[in-house]
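Notebook open, new model on the screen. I'll jot down what I look up as I go.

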Amino acid sequence: MAAPRAYLHLVAPLWNGGTRGIRGMSSAVAPEGNQSKWGKLLQFLADRFYDVEALREYLFQKQVSKIHQKNRSFTYIKERYGPYVAGAYFILKQGGAVKFQGKEWIRSSGRGHYSLEFLNFQATPVEAVDASGCAINYQGLDNLLALKELQSLQLQRCPHVDDWCLSRLYQLADSLQELSLAGCPRISERGLACLHHLQKLRRLDISDLPAVSSPGLTRILVEEMLPNCEVLGAEWTEGLKLGPEKQSRGTASPIPA
């Protein structure tokens, strides 16, 4: 009966915010001169699992805070230099690249360094943004939606770009001609359906979207939704499953009637 009592004594300190005093309690209920193996195991698990959960929560909150910080709006820069410079600053801080109209690409180095020449381009619209692999999320898009002359937007492999982000891109419908969403893990069919507003798109890359269950069918629907746009990504037959009877008949087209 020593083991159940040891268990109660070991768990109780966790509710008081820690494992302090566990060793003393467990040894008190163990047989004299020989601590219970069961008590040692419970003590080990209580110590380690409590620490792991606390560390996991701390790291998660730290990551969330870091992403939030990266996606803040640079109000001061926008008020002083205008939306073009503020949008460029946001992308360069993320490690991306920007192109002002009539200018060369400005890219952030591997160490986060970049030329400050763009501070002089207050009246020059940003025409292209390469944010590949950046930590842009729903909040951070505020810095890009003010770029009303933006023609090309590269968002491939952005881990935090999701369906909600795509629902905001309608604000660029008057200018956006090229969009890449390749490799974004959080984009599904629902988000792609929001792109019907972007009728000026001429090139759209939707390749390698793991959250899209039927890539082939999705591409067909997107092409119908944007008839003047070249859609890159999944082949028409990818993700389209035919029944045994239809396969045996050698159906020529996977497109449903």
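Is Phe74 buried or exposed? I get a relative accessible area of 11% for Phe74, so I put this residue down as buried (buried is under 20% relative accessible area, exposed over 50%, partly exposed in between, with a 1.4 Å probe and protein chains only).

**Ground rules.** I'm working with a predicted model, where local features need pLDDT of at least 70 and side-chain atom pairs count only at pLDDT 80 or more, while totals for chains, interfaces and linings use all residues. Numbering runs from 1 along each chain as its sequence is written, and side-chain values use heavy atoms, with hydrogens and water left out.

**Overview.** I count nine helices and seven strands in the chain (DSSP runs numbered from the N terminus: helices are H or I, at least four residues, and strands are E, at least two). Of the 257 residues, 40% are buried. I then looked at contacts (heavy atoms within 4.5 Å) between residues at least 6 apart in sequence, and 64% of them join residues at least 24 apart. The accessible surface is about 15400 Å², with 53% belonging to carbon and sulfur atoms (Shrake-Rupley method, 1.4 Å probe; for residues, only the protein chains shown count as cover).

**Aromatic pairs.** My search of the whole structure gave three. The rule is that rings of Phe, Tyr and Trp (its six-membered ring) pair if their centres lie within 6.5 Å; planes under 30 degrees apart are stacked, over 60 edge-to-face, and the rest tilted.
Phe74 and Tyr89 have ring centres 4.9 Å apart and planes at 85°, so I log them as edge-to-face. Phe74 is in the loop between helix 3 (37-70) and helix 4 (75-81), and Tyr89 is in helix 5 (residues 83-94), so the pair ties together parts 15 residues apart in sequence. Tyr89 is buried too, at 18%.
Next I looked at Phe100 and Phe121, also edge-to-face, with 5.1 Å centre to centre and 65° between the planes. Phe100 sits in strand 1 (residues 97-100) and Phe121 in the loop between strand 2 (105-107) and strand 3 (126-130), 21 residues apart. I have Phe100 buried at 0% and Phe121 buried at 8%.

**Charges over rings.** Here NZ of Lys or CZ of Arg must be within 6 Å of the ring centre and within 35 degrees of the ring normal. I found the charged end of Arg107 over the ring of Trp105, 5.0 Å from its centre. Arg168 does likewise with Tyr138, at 4.6 Å.

**Cysteines.** How many disulfides are there? I found zero, the cut-off being a pair of cysteine sulfur atoms within 2.5 Å. For Cys158, the closest cysteine sulfur is in Cys184, 5.3 Å away and too far for a bond. Cys158 is buried at 0%, and Cys229 is buried at 9%.

**Core.** The largest nonpolar core has 53 residues, and Phe118, Val129, Leu179, Leu192 and Leu204 touch the most other members (a core is a set of buried Ala, Val, Leu, Ile, Met, Phe, Trp, Tyr and Cys residues joined through side-chain atoms within 4.5 Å). Helix 5 gives the most, with eight residues. Leaving out residues up to four places away in sequence, I see Leu179 touching, among others, Leu153, Leu169 and Asp205.

**Helix 8 (residues 215-225).** Buried residues here include Pro215, Gly216 and Ile220. I note helix 7 (189-193), strand 6 (203-205) and strand 7 (230-232) among what covers the buried residues of helix 8.
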